[in-house]
Each structure stands twice: as structure tokens, then as C-alpha cells.
Amino acid sequence: MGRSDEEELTAAQIFYPCMQCADVFFLKADICQLGMDQRKVNVLAREYCDVIKRKNKPIILSHHMLPGLQQGQEKMSKSDPLSSIFMEDDEAEVNLKIKRAYCPPDIVEGNPCLEYVKYLILPWFKKFLIERSAENGGDKSFENFEELVAYYESGKLHPADLKPALAKALNKILEPVREHFKNDNNAKDLLKRVKVWSIDF
């Protein structure tokens, strides 16, 4: 923003990146793990370290942005709880969110369920298992995304079979996190404090 003379910036557009940058220092973050859309703010934080002569600059880990789970959502949104899976979601919440997720038959482009499989499930488990009845094609395992895409585009895999498999895999990933927040008193207290400060939109 503001790189050309034609662009007029509002006060919010000027202050918001500064506030994001300040968060890095306020939180005393050594590592900033954010989406690619936040990369410029992270770079701003590193450049600011030169100004204040700080030797230890925050390390930037930029990652792929997952889309929101609803149709047309380019990224997840805290203001729409159905748009994403949160670390503290219980099994029923994950199942419901994936069940309601946008997942058009035979279409890969803009399909958030397939994005979740590509960027979360396959890297985590090294395979993606579809469990279904024999009359619906029987169980099928995928070890790479290209194979899954070809199978999905051909119509051999229906969203009604993909979604439960995705929800099951996500719940397996989240189960140790749930146990941590359930059994660790410090983590339980932290989660409680975070939820108190949640903003309802």
C-alpha cells in the first residue's frame, strides 16, 4: 500500500501494519509463523531491528494460506467460525464444519476440502484413507495429491465420502492438542483466558 502517488491511504491502513509489527516485539516473538499475506509485516519487523540496532531479528516462517471452508472464502476468518478448524475445536465441531464445507463434486479448483488434504493430511500421515462401502467403490488410499485429484475429477470419489475421511484425519491430528488442553492446568487456564477475550462479530 502507498507505493505510488495515486494511492491515498487511510489512517487505519497506515496504523494497522505498525500495530502488527509492534505485536512481534510486544509478544517477544523469536519466530513469526504466519501466512504469506503477512510476510511484508514480518519483513517490516526485521527491518525495524536494524533501526533500533537489535541483533536478534525475528525468524520468519511464512506458509501457504488455507482458504475458508465456505464457498468463495480466500482465507479463514475468525469472524466466521464455520470458515476454519480451530485448535480447540472438539470432534463434533470438526465433523460439523467439514460436513458443511464447500466441496463441489468433480471440481478441484477452489475446493477447500481438497486443500486441507493437500496441505495438512498428506504431509502429516503420508496418505489419505477413504473408507466406504463396497457398493460405493470400497476403501481407497491415496499417497499423493495428484492421484487424489485425478480420482476426484473423474467422479469416482464423491464429497459424501471425502468429507468424513477428512474430518476423521483432522480429528486424529487434533486429539493430542485436545488432551493437552484437557489435562494440563496451565494450558487449560490459558485457553480459558483466550476465550474470554474472543470477540463476537
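Which helix holds Glu93? Glu93 is found in helix α3, residues 91-100. The model is predicted: local features need pLDDT of at least 70, side-chain atom pairs count only at pLDDT 80 or more, and totals for chains, interfaces and linings use all residues. Residues are numbered from 1 along each chain as its sequence is written, and side-chain values use heavy atoms, with hydrogens and water left out.

**View 1. A negative surface patch that includes Glu93.** Glu88, Asp90, Glu91 and Glu93 form the patch. Patch members have over 30% relative accessible area and no salt bridge, and like charges are joined within 9 Å. Asp and Glu count as negative, with the charge placed at CG of Asp or CD of Glu. Glu93 is partly exposed at 37% relative accessibility. Here buried means under 20% relative accessible area, exposed over 50%, and partly exposed in between (1.4 Å probe, protein chains only). Helices are DSSP runs (H or I, at least four residues) and strands likewise (E, at least two), numbered from the N terminus.

**View 2. The aromatic pair Phe25 and Tyr48.** The structure holds two aromatic pairs. In this one, the ring centres of Phe25 and Tyr48 are 5.5 Å apart and the planes stand at 70°, so the pair is edge-to-face. Rings pair if their centres lie within 6.5 Å; planes under 30 degrees apart count as stacked, over 60 as edge-to-face and the rest as tilted. Phe25 lies in helix α1 (residues 11-26) and Tyr48 in helix α2 (residues 39-51), so the contact ties together parts 23 residues apart in sequence. Tyr48 is partly exposed, at 39% relative accessible area.

**View 3. The salt bridge between Lys97 and Asp89.** Six salt bridges are found in the whole structure. Each is a side-chain nitrogen of Lys or Arg within 4 Å of a carboxyl oxygen of Asp or Glu. For Lys97 and Asp89 the N to O distance is 2.7 Å. Both residues are buried.

**View 4. The salt bridge between Lys168 and Glu131.** The N to O distance is 2.8 Å. Lys168 lies in helix α6 (residues 159-183) and Glu131 in the loop between β3 (128-130) and β4 (140-142), so the pair ties together parts 37 residues apart in sequence. Lys168 is partly exposed at 43%. Glu131 is partly exposed at 45%.

**View 5. The salt bridge between Arg193 and Asp189.** Their closest N and O atoms are 3.3 Å apart. Both residues lie in helix α7 (residues 185-196), four residues apart, about one turn of the helix. Arg193 is partly exposed at 48%, and Asp189 is partly exposed at 40%.

Technical notes: Patch = residues over 30% accessible without salt bridge, like charges linked within 9 Å, V, L, I, M, F, W, Y side chains within 5 Å. Areas by Shrake-Rupley, 256 points an atom, 1.4 Å probe, with all protein chains shown as cover. Phe/Tyr/Trp six-rings, centres within 6.5 Å; stacked < 30°, edge-to-face > 60°.
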